[in-house]
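Thank you for passing this model along for comment. My notes follow as numbered points, to be read beside the sequence and the coordinates.

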Amino acid sequence: MKVETVPVAVKTLDTESGYLKSHHSNLHKSVNEEELNDLSTLKNDEDRFVFVYKLPIVHEYEVKASDSGKNETEAKQLKDEGNKAFQNGKYFSALLLYTKSIRKTPWGKGSTKDLAITVANRSAAFYYIQKYEQALQDIEFVFSLDYPHELHYKVLDRKARCLLATKQLKDALEAFRCTLTALDSAKLPVEKKHKMQLDVRIMLAMMEKNNALANEQLPEKGALPPVTGKQNSRYVSASSLVSIKENEDMGRYAVAGKDVNVGDTLIIEPAFTAVLLGEHAETHCFHCFRRLEAAVPCHTCSNVAFCSVACQTEALATHHAVECTILETLWASGASIICLMALRILSQRGLKYFLDLRDCLSKDCDVVKKSEKYCPTDYRTVYNLVGHSGARTPLDFLFRTDTAVLLFRCLKVAGFFSGQISESVSAHGLTSDEIFVGGLLLRHLQLLQFNAHEVSELQLEATNKLNSARSVFLGGGLFPTLALFNHACDPGIIRYFQGTSVIVRAIKNIQCGEMIAENYGQIFTQTPRAERRAILKSQYRFDCVCVPCQEDWPLFSNMHQGIMRFRCETGADGGEMPRCSSVIIVPTDTSDFMIQCHVCKQYTNILKGLKILQDTDEMFHTATRLMNEGKVKQALEKYIEILILLDKTLVPPFKDFHLCQQAIRRCMLSLGNTSIVPHQISDI
């Protein structure tokens, strides 16, 4: 995906590879017209689930738990190779080998000694390449494992020196003291032990002379910015600048409750659920999507890893406790990210959570209609998102329900129902609880098709230049508040991510009462009107009537450089004349400065607009220089200033406006998930 493209919503139930696609084909051939007609008469998802579950063909493939992938012999070999690389000064290579070993090392019930030693070795590699924070993270991890007591002095000394390097002087002093104590238990030759004790005492004496030792304030990691203005009183993820409206034609949609300015932050929302693509499981945290450095393994499998013990602990207590043994089956099936999200909604909260909600869900539980707070952690906000079940064909339901059956069977194998209260089993072998869960899976598959979003990361080359960056699709996320925003081919917002939380900001001025539109992947500057409207109709089932579609705005490459589009100034001063909203089109080679509006017949002086164009051209060069120098926040402020000036005088579409918007997008994307990806990591 190109940087200048707004990240698009996850669109289709895509099963391009794996056996699920071929299974759908076989299922289609095996079901006759009468059975499809019977399916079409069913009115709820539970009945549809039972109907398809009873078809023998949906059980023709085996669903089984996968092996852990842990291998003690392989892990030891990788660690030995890492040690060899480390001894030869190839620290980057050592890091990769140690990490592979850590993922492969069995997490035994009795001991994690081997794992602890490898993690300690990796902390040394981090220390030597001056990645002190990662070394410290590994050292904390080491002490949660069975690291031999006689070796504690090694990692404590390393911890002290890492803290010293990061100017955590108070903590460094304490770590040196602990090192001295730990040396008493060290199994070292007497002479070597005495020398090390002397070195530590010298360091302690030097530090203790300074009575004002303190820790330098470090920037808080992962802190999300606040929304602009106050928090919305009902939609808790949104700013008070946002209002949610509803009508028959547009459904629920967002409008500006007050004037919105370019740069305003309108939503800060954690994902209700988010799933990492399997292709990124080697490089990103399977829980929070952050790029892995000091990877922490799963206790049981080698398929995934986590960026920290905190993420590991939370994942193993929730979704990964269910998914660990079935991930390989799901990946091999070719199930799309939407399928995995449909399952994750259940696995991350557990069976009891949903059984407790069953009575509530059977009634009208729409928090919007009930005028309750709209909270992104409330499952009811997800349950009531649009799924267009009334517009689906029997064939669509057949394939989607078949997928729900696969997900259900995976949950059974994974023990999702193991805590289920014993109850009678129906003739088709399902309990009422299982039918309830099967219906939820089918509902999730429908609503995610229209409401899920991709979660992305901006990847930069080693040069760290934004112009060479690309936005990479990491996985899917469901954001209940963002899901209420409708589409326009000229969107008013951009979304970017910190971990799996979304940040939504305005990329143009939006007047009070105007719709705040996002973009579902079809943008007018890149795709002709007929093509994008056909895609939107097919994938999202609506006819786009945004301004670029109504007026057939040109592609960026076709925007006429020989004309300027000025705002009529009539009424702009707030006087007695009503505001005229027409556009005055002026050739660039005009010699006139007073131009008559064809609507209100008043005259507008375009000299001011021409001066703004001249000024903003120079400002744009300054902003671009700042961006190329890595001063992104300063560049963003300058680009926003330019866009505000252009918007006061000129009317889109015109190239300068959209070039400035693209630059704003680039800068904002770089404030979210980013990573520097060198062409090749090598040791010198």
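How many helices and strands does the secondary structure of the protein chain come to?

1. The secondary structure comes to 23 helices and 15 strands, where helices (H or I, at least four residues) and strands (E, at least two) are DSSP runs numbered from the N terminus. This is a predicted model, in which local features need pLDDT of at least 70 and side-chain atom pairs count only at pLDDT 80 or more, while totals for chains, interfaces and linings use all residues. Residues are numbered from 1 along each chain as its sequence is written, and side-chain values use heavy atoms, with hydrogens and water left out.

2. On overall dimensions, the C-alpha atoms of the protein chain fill a box of roughly 100 × 75 × 45 Å, taken along the principal axes. Of the 684 residues in the chain, 52% are buried, a term that means under 20% relative accessible area, with exposed meaning over 50% and partly exposed in between (1.4 Å probe, protein chains only). The chain exposes about 31,800 Å², of which carbon and sulfur atoms supply 50%; accessible areas come from the Shrake-Rupley method with a 1.4 Å probe, and for residues only the protein chains shown count as cover.

3. Among contacts (heavy atoms within 4.5 Å) with a separation of 6 or more, 69% are between residues 24 or more positions apart.

4. Helix H8, residues 152-165, has 14 residues and reaches 20 Å from its first C-alpha to its last, close to the 20 Å expected at 1.5 Å a residue; the expected span is 1.5 Å times one less than the number of residues. Its buried residues include His152, Tyr153, Asp157, Arg158 and Cys162. The buried residues of H8 pack against helix H6 (113-128), helix H7 (132-142), helix H9 (169-182) and helix H10 (190-208).

5. Two residues other than glycine deserve a look for their backbone angles. Lys167, in the loop between H8 and H9, has a positive phi near 65°, and it is partly exposed, with a relative accessible area of 48%. Asp552, found in the loop between H20 and strand S11 (563-567), has a positive phi near 50°, and it is likewise partly exposed, at 41%.

6. Which kind of peptide bond joins Pro652 and Pro653? The bond is cis, with omega about 5°, and Pro653 has its place in the loop between helix H22 (632-649) and helix H23 (655-669).

7. The structure holds 24 aromatic pairs, counted where rings of Phe, Tyr and Trp (its six-membered ring) have centres within 6.5 Å, with planes under 30 degrees apart called stacked, over 60 edge-to-face and the rest tilted. The rings of Tyr520 and Phe542 have centres 6.1 Å apart and planes at 85°, so this pair is edge-to-face. Because Tyr520 lies in the loop between strand S10 (501-506) and helix H19 (529-540), and Phe542 in the loop between H19 and helix H20 (547-551), the pair ties together parts that are 22 residues apart in sequence. Tyr520 is buried, with a relative accessible area of 10%, whereas Phe542 counts as partly exposed at 23% relative accessibility.

8. Ring pairs also link Phe49, Tyr53, Phe408, Phe416 and Phe417 into a cluster.
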